[in-house]
Amino acid sequence: MPNALTRRLEEYTPLTEADRAELARLSSQAVQTIQAKHDLIREGDAPRSVYVILEGWACHYRLLKDGRRQIVDFSIPGDLCDLNLFILDRMDHSIGAVTRLRVAEVGREVLHRVVTNFPNITTALWWVELVSKSIHREWIVNIGQRSARERVAHLLCEMFLRLESVGLTDGFSCDFPLTQNEIAETTGLTAVHVNRTLQELRRKGLIVLERRRLEIPDMLALQGAGLFNPNYLHIQRLSRHTNAGRTSQETQSRSDNRTGAASVRNGSKADTSR
Amino acid sequence: MRRYFFDLDDGGARDEEGTQLTDMRAVRAASVEMFGQALRDKSASFWDDPELKLTVRDDGDLILLRLTVFGTTAPAAP
């Protein structure tokens, strides 16, 4: 069973056995545990290493002077926090543990060696950075244009698909450890509004969310509610990830949901819903 | 922390769960911010029925505050 980092990078570039062995090595050295709610690194600190997320969720955030917080990204298993650390003198944001984290720490020399000797990995890392930018663009759209309900639905869809791409979902269920406050800090809403929106989504049967587990009974409907089009995630292998045990018709309609059908439906919904 | 219940008359259901907030200052701040976002989200349909009301209750169902926006169109409007 390939590790999350390998699965992530293989989204973008075929990897050789030697590449995979190197990634397995990177994922198993200098492993540390970070307690929930602790920071990996703070804004203003000098970064020393890149962290490979092995278990748990991390969040990237900025704090305003008065304590208001905006979460600007999540890192989940298979993600690298983050390659920019390599170049920056000072962090321009903080990275914190949402849940307890297990991470592998990769220092500059090690990363430099990898990048020099493993061109496929380097290509994949470049893709990872580009997709990271694409996700940020989508988050700007989320906060700039979408309604409260659309923002929350969109976030749930995104995190589910990101987890699925690294093999961390079980059918239509996944871990979802964010508090309502954290969802609020991600979507630019109040916790009150997030609470109300989640109640609405539950009432409509679009989500089951309890004890930090999310289940999406109708992915197409939740995507519609969030005006969600998965293209920006550039996940190539979605149809291979749909589980054995589903009928081929379900599998086909599920991968349709994520590509053409979803975007057509989203296009027409945008005119009428607000 | 006490639980507060936010009811918006936008066709949605009553708040059954409530949100824990530290004090009335937090309730007041959250109510205005949430109300503003809800008004914004209604922008396409607001003028069909130009009123939006938010009521905040405590866990004893006592009303603590209310926010209301009325829209009126003057006869001069084309």
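Reply: Two residues are in contact if their C-beta atoms, placed from the backbone, lie within 7 Å. Helices (H or I, at least four residues) and strands (E, at least two) are DSSP runs, numbered from the N terminus. This is a predicted model, in which local features need pLDDT of at least 70 and side-chain atom pairs count only at pLDDT 80 or more, while totals for chains, interfaces and linings use all residues. Residues are numbered from 1 along each chain as its sequence is written, and chains are lettered from A and ligands numbered from 1 in the order in which they are written.

Me: How many helices and strands are there in chain A?

Reply: Chain A has eleven helices and twelve strands. Of its 274 residues, 39% count as buried. That term needs 20 or more other C-beta atoms within 10 Å of a residue's own; with 12 or fewer a residue is exposed, and in between it is partly exposed. For contacts in chain A between residues at least 6 apart in sequence, 75% join residues at least 24 apart.

Me: At what angle do the axes of α6(A) and helix α7 of chain A cross?

Reply: Axes are lines fitted to C-alpha atoms, for helices over the stretch in contact, with angles from 0 to 180 degrees between N-to-C directions. Here the axes of α6(A) and α7(A), residues 191–203, come within 8 Å and cross at roughly 105 degrees. The two helices are therefore roughly perpendicular, a label for 65 to 115 degrees; under 35 is roughly parallel, over 145 roughly antiparallel, and the rest oblique. A:Gln180, A:Asn181, A:Ile183, A:Ala184 and A:Thr187 of α6(A) make the contact with A:Ala191, A:Val194 and A:Asn195 of α7(A).

Me: Over to chain B: what order do the four strands of the open sheet have?

Reply: Strands of a sheet pair through backbone hydrogen bonds, either parallel or antiparallel. Pairing is counted when DSSP finds at least two bridges between two strands. The order in chain B is β2-β1-β3-β4, with antiparallel pairing. β2 (19–21) and β4 (63–70) of chain B are the edge strands, each pairing on one side only. Seven bridges join β3(B), residues 51–58, to β4(B), and B:Leu54 stands opposite B:Leu67 in β4(B). Helix α1(B) lies across β1 (2–8), β2, β3 and β4 of chain B, at about 30 degrees to β4(B).

Me: How many residues of chain B are in contact with chain A?

Reply: 15 residues of chain B touch 13 residues of chain A. Helix α1(B), residues 24–41, gives the largest share of chain B's side, five residues.
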